[in-house]
Amino acid sequence: MRIIYQTLIIVAVVAHAQIALAQDDKKITFTGAARSLFYADKLVQEGAENDTVTIPRLNSGHVLVDLGMNIRPNKNTEILGMVRVRNDYGGFWGSGVTFDVRQLYVKGVVGGIVRYQLGDINYRMSKYTMWNYDQELVSNMPAIFQQQTDVINYDHFYNKDNSWRQQGAAAECALVFRKYVNELQLHAVTTRVKASDFGSVSDRLFTGLNAQLVQSKYLTLGINYTSLYDVPGTARTDYAFQNPVLTGTLQAQTSVNGINLSLNTEMGKSRTHYENNTEAPDWSDKFISAIFAAKHETSGLKISANPLRVGAGFRSPGAQTKRIDYNASPVAYDRFTNDQILRTPGMLDYMRESGMFNLQMRPYLMTFNPSYDNITPFGDATPNRQGIILTASYEKKDAPVKATVSRYQLQEVRGEGTLLPRKFARNMVVVDAAVNKFFPAWKKMCHLSFSMRTDNTTRAGEELVKGVDLQTDVMSIGVEAEVLNGFDLMFGLQSIKYEGFDYTAVRNTYSEIFNFSEYRVGNKETLTAFGARYRFSEKTFLSAQMTNSKQQPMLSTSFPYSINQFMLLFNMKF
Amino acid sequence: MMKMKNKIFFLAFAAAAVLAGCKVDDEFDGPSLNDLYGQFAIVQGLDVSNDNVDFSSGETTHFTAQFSKNVDWKLTVTGLESGAVKEITGFTNLLDATNALWEGSTTRLPLFKAEECAVELTFTAEVDTLRDTLMIAGTKTYQGFVLSDFETGTNPDWESFVQSGANMSFNVATSATAAQGNSYFDIGGVVDWDWLIGLIHMPGSAYGDVHFPLSENPDDEFFNVMLYKEPTLSNGLVLFQFREDDNNDGVFTENVEDMYSVEINMSENGWKLYSYKYGDLATLINGQPSAAIGNGVHEPHKLIQISMLFLANPNSGYAHTYMDYLTFTQGGPLVP
């Protein structure tokens with residue numbers, strides 16, 4: 001063994017930082033965004049009784065500017081401060097104006113070796129340790145709806161790379177070796193998730209450590225450790241929450257006869273417990289996931305198989321915290337009908353209602369909507385799942401079409417309320433086509449998207465207990481067509497139909513199941529929209545659209561209604 | 001080289017696939033759905049394993065029944081003569097010797113007599129009630145040093161004093177509703193010039209020695225008494241005094257040696273067992289905790305006299321109580 005430690009070099013890290021710093025010699029640059037958003041809504045109830053209580057028309061909107069100042073006092077340091085000035089439409093002379101600090105961080109390189117960042121940090125690790133999964137129904141949404149979702153995602157720092165916006169400190173470095181091992185990358189982060197109230201709530205921190213050993217282009221090994229934990233002594237309470245997660249990863253790839261084979265494996269375990277709290281449970285559980293993929297580069301065909309097993313007691317707050325807070329109520333038409341009953345939020349609300357989204361890691365499993373996703377409500381890290389996910393896809397450079405077909409065949413690791421596990425099946429098809437590319441003479445953009453998803457949750461009935469049968473069908477169609485230079489017409493349709501019966505777990509503050517609710521649903525939600533967009537540049541557009549959100553309940557306990565929405569959105573990033 | 005890599009690659013995949021096999025846990029999360037939503041049915045009715053049980057000889061009896069799901073159940077045994085009640089509760093779908101065993105103890109005083117008992121099985125969330133009967137051939141015997149159960153009157157060596165008030169009672173009475181056996185001590189009356197209605201001094205010599213036959217460990221000795229409160233009266237106070245012969249000279253010297261007290265303000269109607277660890281007894285002066293008078297050491301083996309005083313506010317009118325089964329037990333309070 002003559003592994004000679006050659007040198008401490010930051011490879012990608014320092015290179016990246018220095019490239020960024022070298023791009024512009026200016027010490028101060030400005031960055032940010034501007035937005036103007038206006039909604040005009042009309043509620044149309046289709047029930048027999050005329051609603052004389054609810055105000056049917058609502059107008060709302062705002063204009064805002066995010067102004068960031070990027071300061072580079074020296075070649076190894078970068079400071080970003082961004083403020084947000086926002087004014088709700090109708091707020092004049094200062095009323096309705098808010099002024100917030102949106103981002104603040106300092107980052108740089110220490111001694112040319114360690115890169116650090118202090119303040120606001122976007123961070124992610126593996127899919128089972130720290131991963132901010134997309135909200136439900138968003139992944140394959142038509143572009144016309146995506147505009148509103150993008151607004152929500154931007155405001156809540158939901159980045160495309162699924163990172164979590166946290167506040168704290170992060171550092172990373174890399175070691176390069178001459179023999180046997182190419183590189184060892186080390187990453188560390190600690191963030192403050194919750195501040196103490198000096199009473200019963202302790203300071204809660206999240207710490208993540210990651211080591212990646214890049215042996216060669218064929219093999220990469222990694223270790224991840226995360227922990228969400230209370231800091232003892234920061235409040236007048238003895239007990240302290242602790243949730244460490246330890247995982248190991250293996251990525252291997254090779255090529256055989258023009259077929260690229262890859263294996264992406266992660267396995268690990270978690271422990272969830274409260275120090276000095278005898279009432280709280282002490283859980284430990286494990287998971288394993290292996291994605292085997294084979295891609296034929298020439299044809300663009302790819303198949304993959306993902307056997308997985310995630311234990312029922314596996315808890316990873318960094319990966320299982322949801323974006324949508326399903327306990328929140330919508331602001332628009334939160335109550336309706338003459339009886340002013342609470343309105344159950346629908347797809348339109350989850351597309352645009354800012355107050356229904358979560359920014360903080362939660363130490364427990366959040367509420368989810370089984371009608372929207374009963375199979376992977378907590379992403380890949382959903383506990384109590386085992387089985388296989390099969391995927392076949394087609395994607396080729398310069399080809400106008402890409403398509404994916406998936407089949408999930410999962411079941412519970414541990415039954416809930418019965419020894420019989422629930423079985424989950426999902427079929428999904430996603431097709432994206434750049435239609436204009438079929439015709440070389442058609443230079444203007446024309447994009448068509450289609451997706452369909454069918455979810456089934458089943459469990460056979462027992463002698464005295466009803467069986468479970470819940471089905472969700474989702475369909476999306478989207479069209480974007482450029483009719484004049486930069487001027488697009490857009491159409492989108494997304495429907496979700498859910499019907500059936502399941503038992504939903506009712507959990508206590510420690511996420512222990514202490515009861516089950518009978519969950520019977522039958523509803524069809526349809527979003528239909530058309531509109532126009534003018535793209536001033538890649539980063540700036542103006543969009544106007546009409547959307548109809550229709551609720552067609554199949555149960556007599558609900559009421560059919562529609563919300564017609566006109567939206568005017570100007571969005572700019574600079 | 002490539003072949004070896006491919007082998008490793010496929011082996012790793014195979015291992016991962018095997019590890020991810022679909023084995024289901026042999027337990028489930030949360031409460032049973034059958035218990036929550038299943039239909040309730042009685043699979044096997046209530047039965048008594050020994051319906052003529054002699055607890056005095058160490059016999060026990062247990063109850064059996066079976067249901068279609070786990071339920072909150074309550075088994076109630078009621079003495080038809082004494083009115084004594086024994087309750088056993090559980091959340092199961094099966095009653096058997098492990099969860100419905102009865103060794104003759106009592107949940108609500110009085111203690112059971114040799115009598116016929118009604119057995120009733122009820123459910124919190126169901127309307128069904130199952131019934132049966134059994135006969136107690138012999139009652140449970142209790143360990144401990146009995147000061148008096150009043151079955152043969154009072155100890156002749158006790159000294160007593162009773163005020164000459166109105167409606168005075170200070171005597172042994174006999175009734176089927178006695179807390180234990182058939183007799184108890186009846187104390188009551190109206191004394192409108194003094195708190196004291198009557199008192200009894202129980203000297204150790206009444207039991208054959210200067211001191212009571214207790215151990216030296218104050219944490220091991222428990223004093224127990226059963227008292228009865230009439231539902232309409234709440235003015236009576238029962239004060240027990242425990243005098244110690246600190247210097248072991250065979251007499252108690254007032255204001256020199258320790259006297260511990262316990263004041264019982266009866267709050268629950270009917271018979272109730274009051275138990276006190278000897279080591280927890282306090283020095284009371286005018287009802288308030290005070291510094292020890294003697295050496296301040298709880299020495300049950302030097303206990304020379306116990307006094308019972310029945311008190312009531314002179315302006316409160318008629319006061320009344322019953323007293324039964326005064327005992328010392330070791331290792332813990334009396335379990336009726």
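**Notes on chain B and its partner**

1. In chain B, residues 24 or more positions apart account for 72% of the contacts with a separation of 6 or more, a contact being two residues whose C-beta atoms, placed from the backbone, lie within 7 Å. This is a predicted model, in which local features need pLDDT of at least 70 and side-chain atom pairs count only at pLDDT 80 or more, while totals for chains, interfaces and linings use all residues. Residues are numbered from 1 along each chain as its sequence is written, and chains are lettered from A and ligands numbered from 1 in the order in which they are written.

2. The C-alpha trace of chain B spans about 105 × 55 × 40 Å along its principal axes, and 33% of its 336 residues are buried, that is, have 20 or more other C-beta atoms within 10 Å of their own.

3. Chain B contains 2 helices and 20 strands, taken as DSSP runs (H or I of at least four residues, and E of at least two) numbered from the N terminus.

4. Within that chain, strands S12 (196-203) and S19 (303-312) run antiparallel and are joined by 7 bridges, and Gly198(B) stands opposite Phe310(B) in S19(B).

5. At the interface, 35 residues of chain A are in contact with 26 residues of chain B. Strands of chain A that each supply at least two residues to this side include S22 (487-507) and S23 (513-537).

Notes: Pairing = 2+ DSSP bridges. Buried ≥ 20, exposed ≤ 12 C-beta atoms within 10 Å, placed from the backbone.
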